Amino acid sequence: MPDEIKGWNWGAFIYNIWWGIGNKTYLPLLCLIPLFNIIWIFVCGAKGNEWAWRDGQYTDVETFKKVQATWNRAGFIQFLVFLAVLVLYFLIFSVFFNELMHYSSNSY
């Protein structure tokens, strides 16, 4: 296994099940197990490139890197969108909660 393919794979982390099917590696299907999947998504992100290289039919490193670059880009963008939505959710929730507390304290 070439050293240059090792590393974090955002596609395997975020799109674990679909990434696994697309790369003909089926260990990410273990993400279907509740609670276990919380840990396994991190394993997929860390070991994904190695699994894809081993189980896929890649003939050279350049082709592999091009395919995984697409998955990585999509996974990283999805992760950033998730973080933005999460922050926005908490901001809206905190404003709503603050208004609710203010309203309830002034209702007497």
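Trainee: In this predicted model, are Trp-40 and Trp-51 buried or exposed?

Mentor: Trp-40 is buried, and Trp-51 is buried as well.

Trainee: Why is the pair of Trp-40 and Trp-51 called stacked?

Mentor: Their ring centres are 5.8 Å apart, and their planes meet at 25°; since pairing requires centres within 6.5 Å and stacking requires planes under 30 degrees apart, the pair is therefore stacked.

Trainee: How many aromatic pairs does the structure hold, and what makes the one between Trp-10 and Phe-13 edge-to-face?

Mentor: There are 15 aromatic pairs. Trp-10 and Phe-13 form one with 5.8 Å from centre to centre and 85° between the planes, and because an angle over 60 degrees counts as edge-to-face, the pair receives that name. Both residues belong to helix α1 (residues 10–14), where they are three residues apart, about one turn of the helix.

Trainee: Where does Leu-86 lie, and why is Leu-86 called partly exposed?

Mentor: Leu-86 lies in helix α4 (residues 61–106). At 33% relative accessibility, Leu-86 sits between 20% and 50%, and so counts as partly exposed. Leu-86 also contributes to a nonpolar surface patch of about 1,200 Å², whose members include Phe-76, Tyr-89 and Met-101.

Methods: Residues numbered from 1 in each chain as written. Predicted model: local features only at pLDDT ≥ 70, side-chain atom pairs only at ≥ 80, totals over all residues. Heavy atoms only, no water. Phe/Tyr/Trp six-rings, centres within 6.5 Å; stacked < 30°, edge-to-face > 60°. Helix = DSSP H or I, 4+ residues; strand = E, 2+ residues; numbered from the N terminus. Buried < 20%, exposed > 50% of the residue type's maximum accessible area, 1.4 Å probe, protein only. Patch = residues over 30% accessible without salt bridge, like charges linked within 9 Å, V, L, I, M, F, W, Y side chains within 5 Å. Areas by Shrake-Rupley, 256 points an atom, 1.4 Å probe, with all protein chains shown as cover. Salt bridge = Lys/Arg side-chain N within 4 Å of Asp/Glu carboxyl O.
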